[in-house]
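This report is meant for a reader who is meeting the structure below for the first time.

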Amino acid sequence: MKLIRYTAYAAEILLALTIQSVPYLLPTVFGEKALLLLPLALSFAVWEEELPSAVLGAVCGMAADLSFSGRVGFFSIFFVIACYILSRLMADYIKTTCLTAVLAAAAVIVLVLSVHCIIFVGDTGFFVRHYAVRILYTLAVMPLFYGLNKAVMARTKRSMV
């Protein structure tokens, strides 16, 4: 059943990468596109244990590095750390609900994209005009990924019993 679950995750990553990378496939909001791979990685972390979460975060991070910024390493590092910590928190300290997943994702998305803007752009005006919209748009897709991966997890866990 794990093989089926991880195959579904791989398909989700490829689909999100394709939607995010192909021009005009994902609608823009005020000229900005969502970074789909970040909420996808965080939704994996909500349902998986720490090690698989970190590995899936690394894969999503590398894909985001290649498609979003072209600078390999930034998103990979942040996604691994964020997915590991979120997985640990959801397993031990926080009850897993859509609201808690979205709130945790909001904190991570704001942190990651803010740091990205500070390091690679360094202009607060640019942040307000572009990154704030990107943060909200990225956060808006989190409930979709949460529900999708909740269904994947429920389907594969139930089949094991």
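Predicted model: local features only at pLDDT ≥ 70, side-chain atom pairs only at ≥ 80, totals over all residues.

Ser 43 counts as buried because its relative accessibility is 0%, where the cut-off for buried is under 20%. When its neighbours within four places in sequence are set aside, Ser 43 is in contact with Met 142, Phe 145, Tyr 146 and Asn 149.

Helix α4 covers residues 74–92. Its 19 residues should span 27 Å at 1.5 Å a residue, and the 28 Å between its end C-alpha atoms agrees with that expectation.

The buried residues of α4 are Phe 74, Phe 75, Ser 76, Phe 79, Ala 82, Cys 83, Leu 86, Ser 87 and Met 90. Seen down the helix axis, the buried residues fall within an arc of 155°, so they line one face of α4.

## Aromatic rings

The count of aromatic pairs comes to eight. One of them joins Phe 74 and Phe 75, whose rings are edge-to-face, at 5.2 Å centre to centre and with 75° between the planes. Both partners are buried, Phe 74 at 10% relative accessibility and Phe 75 at 0%.

Phe 75 also pairs with Phe 79, and because the ring centres are 5.7 Å apart and the planes lie at 55°, this pair is tilted. Phe 75 and Phe 79 are four residues apart in helix α4, which means that about one helical turn separates them. Phe 79 is itself buried, with a relative accessible area of 1%. A single aromatic cluster takes in Phe 74, Phe 75, Phe 78, Phe 79 and Phe 120.

## Salt bridges

How many salt bridges does a search of the whole structure find? The search finds four. In one of them, the side chains of Glu 32 and Arg 134 meet at 2.4 Å, taken from N to O. This pair links distant parts of the chain, since Glu 32 lies in the loop between α1 (2–21) and α2 (37–47) while Arg 134 lies in helix α6 (residues 124–140), 102 residues apart. Glu 32 counts as buried at 5% relative accessibility, and Arg 134 counts as buried at 13%.

Another salt bridge brings together the side chains of Glu 50 and Arg 88, at 3.5 Å from N to O. The two residues are 38 apart in the chain, with Glu 50 in helix α3 (residues 50–69) and Arg 88 in helix α4. Glu 50 counts as buried at 18% relative accessibility, whereas Arg 88, at 38%, counts as partly exposed. Arg 88 forms a salt bridge with Asp 92 as well, the closest N and O atoms being 2.9 Å apart. Asp 92 and Arg 88 are separated by about one helical turn because they are four residues apart in helix α4.

## Charges over rings

Arg 134, already described in its salt bridge with Glu 32, lies over the face of Tyr 131, at 5.5 Å from the ring centre. The charged end of Arg 5 sits over the ring of Tyr 6, 5.5 Å from its centre.

Note on methods: Residues numbered from 1 in each chain as written. Heavy atoms only, no water. Buried < 20%, exposed > 50% of the residue type's maximum accessible area, 1.4 Å probe, protein only. Contact = heavy atoms within 4.5 Å. Expected span 1.5 Å × (residues − 1). Arc of directions from axis to C-beta. Phe/Tyr/Trp six-rings, centres within 6.5 Å; stacked < 30°, edge-to-face > 60°. Lys NZ or Arg CZ within 6 Å of the ring centre and 35° of its normal.
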